[in-house]
Amino acid sequence: MDNLKKLKDILVEFISVVSIHLPDDVYHSLEAMANKEDGRIGNELYGCIFDNLEKAKTLGRPLCQDTGVLQFFIKAGTKFPYLDELEETIIEATKEATEKTPLRHNVVECFTEENTGNNVGTRAPFIEWEIIPHSDELHIDLYLAGGGCSLPGRSKVLMPLEGYEGIVKYVFDTIVEWGVNACPPLVVGVGIGTCSATAALLSKKALLRPVGTHNPNPLAADMEKRMKKGLDKIGIGPLGLTGKESVQAVNIEYAAHHPATLGVGITVGCWATRRGAIDIRSDLSYDIPSHKEAR
Ligand code: SF4
């Protein structure tokens, strides 16, 4: 088989897997939260969530009607043999997965607001690249950005004296005001950097890190744990109808910043945080480490 067709077929399957199954870490985090929940409404809602997940699996259908806008975060080895054709292959795979899975038609062009009908448009799917020197492998994180869970996303640059307390206040204000729109329990990605743009991008990258892991910097990890504890005390619960916990995790990613500025970005994932990771080798053998148990 033509190798580019094989690569496209791998990506079509990967997109389908991510839209039908939760990644293992999110599934287990919801299980743990459901086990802790003791309210009648909370238990009913977690029951619906797991019933929904089982039906998606047995019927082979996307686990939410909002299959999102596809976003690819690529770590490309400089010696991976198909780099020149990769962007076009991703676009073709997106079109094909839209028909085959199927995915809802979620991409509308700016200004005309016309639906493109195939989840492809200007800079859609969104593709972000990192180069990995001396490697012949390809790693892709795929994130399906739903509408509701994208609503709380925001970023700003804090005034110099607001400090890390300002970051916590911004996150808490955002989740209190907008969190219920995003189908809790939420995964909260927080980015910190010089400007609003770097902070926003890092907040999305924070969402790509599995639930249950912590930033290797102990100070950032401590902030993650304390913010989760505080947000849980708000008691948003599953689907925002109150409960013991509000968030599955708070993940922080940061970049060293200008001393006069502290940019903060927030990106939120819903209970149905659909992301996947795939490793593709130069011989086109591959693994999907995010979904070892889910298929
Ligand atoms: S917020 Fe998540 S679970 Fe809710 S409708 Fe959107 S994609 Fe689906």
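Visitor: In which kind of crossing, left-handed or right-handed, does H2 pass H3?

Guide: This is a predicted model, in which local features need pLDDT of at least 70 and side-chain atom pairs count only at pLDDT 80 or more, while totals for chains, interfaces and linings use all residues. Residues are numbered from 1 along each chain as its sequence is written, and side-chain values use heavy atoms, with hydrogens and water left out.

H2 passes H3 in a left-handed crossing (the near helix is turned anticlockwise from the far one by less than a right angle; clockwise would be right-handed). Helix H2 covers residues 24-36 and helix H3 residues 40-59 (helices are DSSP runs of H or I, at least four residues, numbered from the N terminus). Their axes come within 10 Å and cross at roughly 150° (axes are lines fitted to C-alpha atoms over the stretch in contact, and angles run from 0 to 180 degrees between N-to-C directions). H2 is therefore roughly antiparallel to H3 (over 145 degrees; under 35 is roughly parallel, 65 to 115 roughly perpendicular and the rest oblique).

H2 brings Tyr27, Leu30, Glu31, Met33 and Ala34 to the contact, and H3 brings Asn43, Tyr46, Ile49, Phe50 and Leu53 (contact means heavy atoms within 4.5 Å). By class, this contact of H2 with H3 has 8 nonpolar, 1 polar and 1 charged residues (Ala, Val, Leu, Ile, Met, Phe, Trp, Tyr, Cys and Pro count as nonpolar, Asp, Glu, Lys and Arg as charged, and the others, Gly among them, as polar).

Another pair is helix H1 (residues 3-20) and helix H4 (residues 83-100), which pack at an angle of about 50° with axes 8 Å apart. H1 and H4 are therefore oblique to each other, and H1 passes H4 in a right-handed crossing. Among the residues in this contact are Leu4, Leu7 and Ile15 of H1 and Leu86, Ile90 and Ala97 of H4. The contact of H1 with H4 holds 9 nonpolar, 2 polar and 6 charged residues.

The residues around the ligand include Cys64, Asp66, Cys149, Trp271 and Arg274 (one heavy atom within 4 Å of it). That shell divides into 7 nonpolar, 2 polar and 2 charged residues.

Methods: Helix = DSSP H or I, 4+ residues; strand = E, 2+ residues; numbered from the N terminus.
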